[in-house]
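Colleague: I would like to go through the terms used for this model and see what each one rests on. Please show it.

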Amino acid sequence: CPFYSSAVAGVCERTLIAVKPDGVQRKLVGEIIKRFEQRGFTLVGLKLLQASEGILAEHYHDLRRKPFYPALLRYMASGPVVAMVWEGHNVVRTSRAMVGDTDSSQAKPGTIRGDFSVHISRNVIHASDSVEVAEREISLWFHSGELISWETSDQSHLYQV
Ligand code: UDP
Ligand code: MG
C-alpha cells in the first residue's frame, strides 16, 4: 500500500482491468490506459497475453451455464488481451462507471463501452465488479511478483494526505 493509505481510506484498493481481443485489435489499448491514468489511478501490473482456456474458464466460471458462454470464451481466446491492475481510492466502483453498461448499446457516451462499442458481444473491456472479485481475478491473472507497489509523485494532488 502507498504511504498515504493510513490517511485516506480505500486507496489501497486494486482492480483487474482487461482490454479484450476486440479492444486490442481496434488499437484502443492506449486510449484505455490514458483514461485510467488521467483519472488519477496508478498502474501496478500490465501484460499482453493470449489467454488460455483454463484462465478464461476460471475467470468466467459464474457464467458457465449461460447460453452465450461458449461464444464468450471463443471471443476472449480469439487474440491477445491486455491485462492490467489499477490502484486507487474506490477504483473498483469508479472503473465500472468508467467502463459503462455491459450491453454496449445501453452504455452511456463518455464511458469506454459507450464511446467505442455497439454490441454486448464485443464490449472492448473487462472490469472487476466488486473488491472481493477483484482480489480473486488479480491472483488469477497475475503472479504476486508481477505487481509493483510504487509511490507516484502526484498523490498529494489527488488526495489530502
Ligand atoms: N456477455 C455476452 N452476452 C450477454 C451477457 C454478457 O456476450 O448477454 C459477455 C460480455 O462480454 C460481458 C461478459 O459476457 O462483458 C461478462 O458478463 P458480465 O455480466 O459479467 O458483464 P461485465 O461484468 O463484463 O459488464
Ligand atoms: Mg462481470
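Colleague: How do the residues of the shell around ligand 1 divide into nonpolar, polar and charged?

Modeller: The model is predicted. Its shell around ligand 1 holds five nonpolar, three polar and three charged residues. Lys 20, Arg 96 and Arg 113 are in that shell, and they are called charged because Lys and Arg count as charged.

Colleague: What makes Tyr 60 part of the surroundings of ligand 1?

Modeller: Tyr 60 is listed around ligand 1, so one of its heavy atoms lies within 4 Å of the ligand. Leu 63, Phe 68, Leu 72 and Ile 120 are also among the surrounding residues.

Colleague: Why is the pair between Thr 102 and an oxygen atom of ligand 1 called a polar contact?

Modeller: A polar side-chain atom of Thr 102 lies 2.4 Å from that oxygen atom. The cut-off for a pair of N or O atoms is 3.5 Å, so the pair qualifies. Arg 96 has a polar side-chain atom 2.8 Å from an oxygen atom of ligand 1. For Asn 123, a side-chain N or O atom is 2.8 Å from a ligand oxygen. Both pairs are therefore polar contacts as well.

Colleague: Where does ligand 1 sit?

Modeller: Ligand 1 sits in the largest pocket, which means that more than half of its atoms lie within 2 Å of the pocket's grid points.

Conventions. Residues are numbered from 1 along each chain as its sequence is written. Chains are lettered from A and ligands numbered from 1 in the order in which they are written. This is a predicted model: local features need pLDDT of at least 70, side-chain atom pairs count only at pLDDT 80 or more; totals for chains, interfaces and linings use all residues. Side-chain values use heavy atoms; hydrogens and water are left out. A polar contact is a pair of N or O atoms within 3.5 Å; within protein, one must be able to donate a hydrogen and the other to accept it, and residues adjacent in sequence count only if both atoms are side-chain atoms. On a 1 Å grid over the protein atoms alone, a cavity is a set of points where a 1.4 Å probe fits but cannot get out, and a pocket is an open set with protein on both sides within 12 Å along at least five of seven lines; lining residues have an atom within 4 Å of a point.
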